[in-house]
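I open this notebook to record what I looked up in the structure shown below. The entries follow the order in which I consulted it.

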Amino acid sequence: MDADSSHTEPVWSLLRKHVPEVTSGLVKVMGIMREPGHSVVVVASNDPRGDPVGTVVGHRGERVKRMVSELGGEKIDIIRWEESAERFIGNLLAPFRLVRVSFDDAAREARAVAKQPSGSRPPLDLKLRSEMLMSLAGWKLHVQLEHEG
């Protein structure tokens, strides 16, 4: 589920501390990936009407702000898990707009093309997000960013 449990334990601990829905099981943490200064957390809801990302972020971002503060300013991305690989890849690549994705089932590889808004920089964490897909779904992700005009 996570790359190295000792490395991700501080994030797990903060999720359990600040998000009671994680402890109760209403929100399920599907995985955590972490590198210095940045964590990616993938969440799902056990309630089909629930918003797991909004629940973790909290009203006006208060929950995630507290976690960021306790991690010394570390960036935390909260991403919604989807059973559909294509939709999950779209969530992973947000805020970029997914144009198309193709799958090579035999190689367990996905190739995604996403539009990058002009003036924006590619996310520094694309590698981390690709590793998350590999960890959770067993797919290697290749991303090609195209600039929007």
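Is strand β2 (residues 38-45) mostly covered or mostly uncovered? I worked with a predicted model, and in it I found that 7 of the 8 residues of β2 are buried.

I then examined the connection, where β1 and β2 make a hairpin with 2 residues between them. In that turn I noted G37, whose phi is positive, at about 85°.

Entry on the second neighbour. How many bridges pair β2 with strand β3 (residues 75-80)? I counted 6 bridges, and the sense of this pairing is parallel. Within β3, I found D77 opposite V40.

Entry on helix α5 (residues 85-93). I listed F88, I89, G90, L92 and L93 as buried in this helix. I next asked which elements cover the buried residues of α5. Among them are β2 and β3, the strands of the previous entry, together with β4 (97-104), β5 (109-116), α6 (126-137) and β6 (140-147).

Entry on β4 and β5. I recorded that β4 and β5 run antiparallel and that 7 bridges join them. For S102, I found the bridge partner R111 in β5. These two strands form a hairpin with 4 residues between them. I noted R108 in the turn, with a positive phi of about 55°.

Key: Residues are numbered from 1 along each chain as its sequence is written. This is a predicted model: local features need pLDDT of at least 70, side-chain atom pairs count only at pLDDT 80 or more; totals for chains, interfaces and linings use all residues. Side-chain values use heavy atoms; hydrogens and water are left out. Buried means under 20% relative accessible area, exposed over 50%, partly exposed in between (1.4 Å probe, protein chains only). Two strands pair if DSSP finds at least two bridges between them. Contact means heavy atoms within 4.5 Å.
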